[in-house]
Amino acid sequence: MSQPLAQENPSAPPAAGTRSRRAPGRRWRPGAIGLAALLVAAILSLPVLAVAAHLFERTDLMGHLASTLLPRYIENTLWMMLGVPLGTAVVGTGTAWLVTMCRFPGRRIFEWAMILPLAAPAYILAYVYSDFLQHSGPVQTGLRELMGWGPREGWVPNIRSLPGAILMFVLTLYPYVYLLARAAFLEQSVGVFEAARTLGCSAWAAFRRIALPLARPAIATGVALALMETLADFGTVAHFGVQTFTTGIYRAFYSYGDPVAAAQLATMLLGFVFVLLTLERISRGRRGFQSAGAYKILPGYPLQGWRALGALVACALPIALGFLLPAGLMIAMAIEAGNLFEARTFELVRNSFSLAALAAAAAVATALLLAYANRLDRSRLARGAVRIAGLGYAVPGSVIAVGLMIPLGAFDNMLDGWTRDLFGFSTGLIFTGGIAALVYAYLVRFMAVALQTVEAGLTKVTPSMDDASRTLGRGPWRTVRSVHAPILSTSLLTAGLIVFVDVMKELPATIILRPFDFNTLAITAYNLASDERLVQSAAPSLMIVLVGLLPIILLSRRIASSRPGTAGPRASRRRGGLRFLPGAR
């Protein structure tokens, strides 16, 4: 009798083009690391589930808000969802194209300087520009003296308004679009541009008809990131008096003491976030392209005369308005207030630094666990856990804070009552009374940032490296320590720095979950600005910006050297003095 066909033999590999099937009687069982990753993902998803659980509860405050402030929340949110994407897309994409594909004076500086406004949160720009443009500020005072106007004469646009808030968001968030758009332009095929040039396409036509459609997925992702930060903001809209869901959540939770109404407002805000993510995914679709010849030297379009001047102004204006002018004004106000080197300032720096460092270390450790779970346990359970853990970045900090206060507050009260009845002593507020809930919120909020960075680093560790280590007699832990750790060190450091800077700037969750009498730089700057003590708020605001500068510059330099063949003379010397010439990949 002839041997059975290969595809009918359970021990034989499946034939090409056929799906592999599990042997009868064998059930899929997740590994221990997959179960650990699932547990971590469940803990990180708890705030969102707690918020959604209160959606259909009845509260009198929600009925009052529905007839008074809720329409304004929705209207202002929709206007921001229209204005911020338009502004960030135009500024970020336009400057990315100019510094990547055009040649004009100052381009080398603009390559890294365009990202500097990312170090300054939008609420800090709101504080600075409020003092600079208010009635008693230098701008209006100078105009009155120059034009001979009286106290109530003349007209200057009110910066503390919805358009002013949109402008602050555009100035600080366009680097998200700039970074992703520039990375997309760097990876595009040179051959396509060469073909376009032979067909008589100008630089503008090549940008509009070739580069922009190819980079649209990256641009859509950058716009979505900017919009998520906009929807999560509290300090800017609160200072400008713009009624949004985040201000409503804070008011319902603190002013009215109604956590159910706050949870229902948070659920509505989650609905806007869900719509945003859906639109971003539809916009990206399955777009992609082959980067044949992508590693040739990019074509440079030399700009001269008024074109070079226009490119120079287009790149310099966002940097000047988003970083240089606010930084200069903060330095001047800090010198005027004289509180930059006070003991209170150093205490705030210590609190913020220790909190950010603790959150960054916890985020990197958790991200490393989830990334290894996805690498070692290729089951659906591990992959699902990683996806769930990464959803927190799309959730505003105010939503996470409310989602944590409800279950953790109930647990603290239950534990306190239980110990009083049984042992006669009070445990107090173990979770909500300390920084544990705050670090928890940071993990939920910024886990996606750390996870993506660590996973990108793990792609450098090929399976052959693990096999070679095991053939040399090294177990899993020695392999991690001697092989993986040196390769992942840069990625782990990058993930930690990004989370560190994000925690330093975070305000909505911090202001809701902070322990009593525990202040950070962000909270102090917000409290002083709320009291209209804008000059005194300059010192903590300046410290936040200074701390965020170094990681931002390092990130920009890393992106600038991401394209092979653009490492410069130093890399050429390390390769024996031979420069990479234009040619095929």
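Modeller: Helices (H or I, at least four residues) and strands (E, at least two) are DSSP runs, numbered from the N terminus. This is a predicted model: local features need pLDDT of at least 70, side-chain atom pairs count only at pLDDT 80 or more, and totals for chains, interfaces and linings use all residues. Residues are numbered from 1 along each chain as its sequence is written, and side-chain values use heavy atoms, with hydrogens and water left out.

Biologist: Is Thr520 buried or exposed?

Modeller: Buried means under 20% relative accessible area, exposed over 50%, partly exposed in between (1.4 Å probe, protein chains only). Thr520 has 5% relative accessibility, so Thr520 counts as buried.

Biologist: And Val313, buried, partly exposed or exposed?

Modeller: Val313 is found in helix 13 (residues 306-337). Its relative accessibility is 46%, so Val313 is partly exposed.

Biologist: What kind of aromatic pair do Trp97 and Phe185 form, among the eight in the structure?

Modeller: Rings of Phe, Tyr and Trp (its six-membered ring) pair if their centres lie within 6.5 Å; planes under 30 degrees apart count as stacked, over 60 as edge-to-face and the rest as tilted. For Trp97 and Phe185, the centres are 5.5 Å apart and the planes at 80°, and the pair is edge-to-face.

Biologist: Which helices does that pair link?

Modeller: Trp97 and Phe185 are 88 residues apart. Trp97 lies in helix 3 (residues 70-101) and Phe185 in helix 7 (residues 162-186).
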